[in-house]
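The following paragraphs lead the reader through a structure step by step. Please keep the sequence and the model in view while reading.

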Amino acid sequence: MRIPPATTQKIAKAVLAAACASAVAALVFVVGFVLAGGFRYLSWAFLTQPILDMGRAGGILPAIVGTLMMVFVAVGIAAPLGVASAIYLAEYTVEGKITQAIRFGINCLAGVPSIIFGLFGFILFVVLLGFGWSVLSGGLSLAAMILPTIIRTAEEALRSVPRQYRDVAASLGGTRWQVVTRSVLPYALPGILTGVILGIGRSIEETAVVIFTAGSAVQMPTSVFDSARTMAVHFYILAREGISNENAYATAAVLICTILIINVSAYAIMHRMMRGRRAP
Amino acid sequence: MNGAARAKIEVRDLRVTFGGEEALKGVTLDVRANEILAIIGPANSGKSSLLLAMNRMVERVPRSSVEGSILLDGADVRGFGSVEDVRRRIGMVYALPIPLPMSIRENVLFGALLSRRLKNSEKDRLVEESLRAAFLWEEVRDRLDSSAMKLSGGQQQRLCMARTLAVKPDVILFDEPCSGLDPISTAKVEEAMKELKRDHTLVLVTNNTKQAARVGDRTAFLLMGELVEVDATEKIFTNPSNPRTEQYVTGQFG
């Protein structure tokens, strides 16, 4: 028996819609669960007070500051380095064995478990270079971890800019650098930013790397050479060691809100920059 | 056309290959100052390769090679200071209009601002002058700051001409500029081209032999990477020396 095409179409549509709905539902459920659980214990004091009694009391201000500092170091290093590498790969090299090998290496790195980067950061930054357990070691290790993702997404974004835009700029007498900066980068920016935001997200949520390289000090970090804990690490310790479920939930809620705020503001900034420059 | 007219571009035994495939097999011809040289020929005859070699855009194609020489005012384009200098003096308009996703004004100024700084008054003057030369000014003068993407195809192509003109080239290469345009837009582009030859030298690659007959002062016929003949347009279309040219312009192949 043959099912009529109109019926298969209906079935397909229903199945696809159900798949999409379950993905959204999972997201809403997880975020909603954490926020609902966390907001009950959230207060202004929780956001602004030091960590007391290993997290049983007080707030999480040092963890918030530690998170922001570490992400800032990680993205501040990985974003320029990654975008520059992507520009070099996409615009300055001729496709061949060497670029394929580089790209293969980057793809492999992107799939390496984060704990490996933690170990790498511990050996190189903490021990060999003598930065100790610090925001700097943590930030550098996180930068190494997110670099492959940023390079890969940025290169894809650059390659998706129509070839003709490059030809136009070159035929008008633009140098390769001018072609890149004036006629490729502006249109690749949304894609590049997506990679950077993914990197921010991964750095914020990372625990293994941070524990290995930045330690888990509860004091307020005053410089990049201080040890610090991030919100994710704080949450992990509170929950795993059964110190305080309430504060663990509240920390998770703050963590999710931080990610939301960073994403929304990054897209808002991009939207302003791209006004009137959107490719068709 | 008198035979003693000064040569603006001299192409000498030009050979171009792409990935080992010969696209041009030793072409020699002159483009005279202030003429429109039309280049006709069937697909894969090497017309576009010839254009791309003139402004050295061919070098951007991976695995391409160029032999022979192209002289611009007697100087080899490959020994010519920088490749950017060559492209500023030999501008190009592509087959399909490629407006950049920015305003009309920014599009016109895009190329000019790559090499020099301009005061606002100079910018205004350059925008008007270039758009007028491309026969577009009257249609867009009131909306210079709106997006170029909103223009019609014919307007976009004239905008691309204006953008090329704003760089102040001596020579302009047209690579089938009307292939995607309706007859009215085509007429406007052709009208602009006839005006432009007063101050510029034009090379027009076209698949449309009628267009060559309408605007070309001389016409060159390329076939399989070789120059079959180049002569006054009238002669090519009424009394060509080579039977293959006659077959092509009368529509027997191609």
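Strand E9 of chain B, residues 218-223, is joined to E10(B) by six bridges, and the two strands run antiparallel. Within this pair, Leu223(B) has Glu226(B) of E10(B) as its bridge partner. The model under discussion is a predicted one.

The pair belongs to an open sheet of six strands in chain B, with the order E6-E7-E8-E3-E9-E10 and mixed pairing. At its edges stand strand E6 (90-93) and strand E10 (226-232) of chain B, each of which pairs on one side only. On average, neighbouring strands of this sheet are turned by 20° against each other, direction ignored. In general, the strands of a sheet pair through backbone hydrogen bonds, and the pairing is either parallel or antiparallel.

Chain B also has an open sheet of four strands, in the order E2-E1-E4-E5, with antiparallel pairing. Strand E2 (21-32) and strand E5 (75-76) of chain B are at the edges with a single partner strand each, so one side of each has no neighbour in the sheet. Strand E1 of chain B, residues 7-18, runs antiparallel to E2(B), and nine bridges join the two. In this pairing, Ile9(B) stands opposite Val31(B) of E2(B).

Two loops of chain B deserve attention for their backbone angles. Most residues other than glycine have a negative phi. Asn44(B), however, has a positive phi, near 65°. This residue is placed in the loop between strand E3 (36-40) and helix H1 (47-54) of chain B. Asn44(B) counts as partly exposed because it has 14 C-beta neighbours inside 10 Å. Asp73(B) likewise has a positive phi, near 50°, and its place is in the loop between strand E4 (64-72) and E5 of chain B. With 14 C-beta neighbours inside 10 Å, Asp73(B) counts as partly exposed.

The helices come next. Two packed helices are described by the angle between their axes and the distance between the axes. Helix H6 (residues 153-165) and helix H7 (residues 183-196) of chain B pack at an angle of about 15°, and their axes are 9 Å apart. H6(B) is therefore roughly parallel to H7(B), since angles under 35 degrees count as such. The crossing of H6(B) past H7(B) is right-handed. H6(B) contributes Gly153(B), Gly154(B), Gln157(B), Arg158(B) and Met161(B) to the contact, while H7(B) contributes Ser185(B), Lys188(B), Val189(B) and Ala192(B). The residues of this contact comprise three nonpolar, four polar and two charged ones.

Finally, chain B touches chain A. Which numbers of residues does each chain bring to the contact? Chain B brings 21 residues and chain A brings 18 residues. On the side of chain B that touches chain A, helix H2 (83-89) and helix H3 (104-115) of chain B each supply at least two residues. H3(B) gives the most to this side, with four residues. By class, the side of chain B that touches chain A holds 11 nonpolar, six polar and four charged residues.

Leu114(B) lies in helix H3 of chain B. Is Leu114(B) buried or exposed? Leu114(B) counts as buried because it has 21 C-beta neighbours inside 10 Å. Apart from its neighbours within four places in sequence, Leu114(B) is in contact with Leu172(A), Gly173(A), Gly174(A) and Gln178(A). Leu114(B) and Ile9(B) are 105 residues apart in sequence, and 25 Å separate them in space, C-alpha to C-alpha.

Note on methods
Residues are numbered from 1 along each chain as its sequence is written. Chains are lettered from A and ligands numbered from 1 in the order in which they are written. This is a predicted model: local features need pLDDT of at least 70, side-chain atom pairs count only at pLDDT 80 or more; totals for chains, interfaces and linings use all residues. Two strands pair if DSSP finds at least two bridges between them. Two residues are in contact if their C-beta atoms, placed from the backbone, lie within 7 Å. Ala, Val, Leu, Ile, Met, Phe, Trp, Tyr, Cys and Pro count as nonpolar, Asp, Glu, Lys and Arg as charged, and the others, Gly among them, as polar. Axes are lines fitted to C-alpha atoms, for helices over the stretch in contact, and angles run from 0 to 180 degrees between N-to-C directions. Angles under 35 degrees count as roughly parallel, over 145 as roughly antiparallel, 65 to 115 as roughly perpendicular and the rest as oblique. A crossing is left-handed if the near helix is turned anticlockwise from the far one by less than a right angle, and right-handed if clockwise. A residue is buried if 20 or more other C-beta atoms lie within 10 Å of its own, exposed if 12 or fewer, and partly exposed in between; C-beta atoms are placed from the backbone.
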